Amino acid sequence: MAIIVTYDITSKHVEFKKEMIKRGYAPTFVDHQNKTVYLPNTTLYHASRTPAQARDEVMNVAKIVVTELERCISTESSNWAAIYGEPFKR
């Protein structure tokens, strides 16, 4: 199942996101109309994780990069609406 996970951390945002991307998470996904969805900065997509697996990976990666995880929520991405956004400029 596909999920999205969103989180707040206190520091090391770049390092954290790089570690999550290594685990198959992505800051974008392509929808059923072949349009790219650009997720908010602290939100990631994974095509085959469960919400619990994503939460656990966020917790583990926060420990690896030594940052405080303030909050996290993950959910199935089966029913959603979006403002597609544009690529990040950095």
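Student: What volume does the second largest pocket have?

Tutor: Rolling a probe the size of a water molecule over the atoms shows where empty space is left. A pocket is an open set of points on a 1 Å grid where a 1.4 Å probe fits, with protein on both sides within 12 Å along at least five of seven lines. Here the second largest pocket has a volume of about 170 Å³, the space filled by probe spheres set on the points. Lining residues have an atom within 4 Å of a point; of the 15 in this pocket, the closest to its centre are I4, F29, L39, W80 and A81. This is a predicted model, in which local features need pLDDT of at least 70 and side-chain atom pairs pLDDT 80 or more, while totals for linings use all residues. Residues are numbered from 1 along each chain, and side-chain values use heavy atoms.

Student: How are aromatic pairs read, and how many are there?

Tutor: A pair of aromatic rings is described by the distance of the centres and the angle of the planes. Rings of Phe, Tyr and Trp (its six-membered ring) pair if their centres lie within 6.5 Å; planes under 30 degrees apart are stacked, over 60 edge-to-face, the rest tilted. The whole structure has 4 such pairs. Y7 and F16 are tilted, because their planes stand at 50 degrees, with centres 4.6 Å apart. F29 and W80 are edge-to-face, at 5.4 Å and 85 degrees.

Student: Is F29 buried or exposed?

Tutor: Buried means under 20% relative accessible area, exposed over 50%, partly exposed in between (1.4 Å probe, protein chains only). F29 has 12% and is therefore buried; W80, at 33%, is partly exposed.
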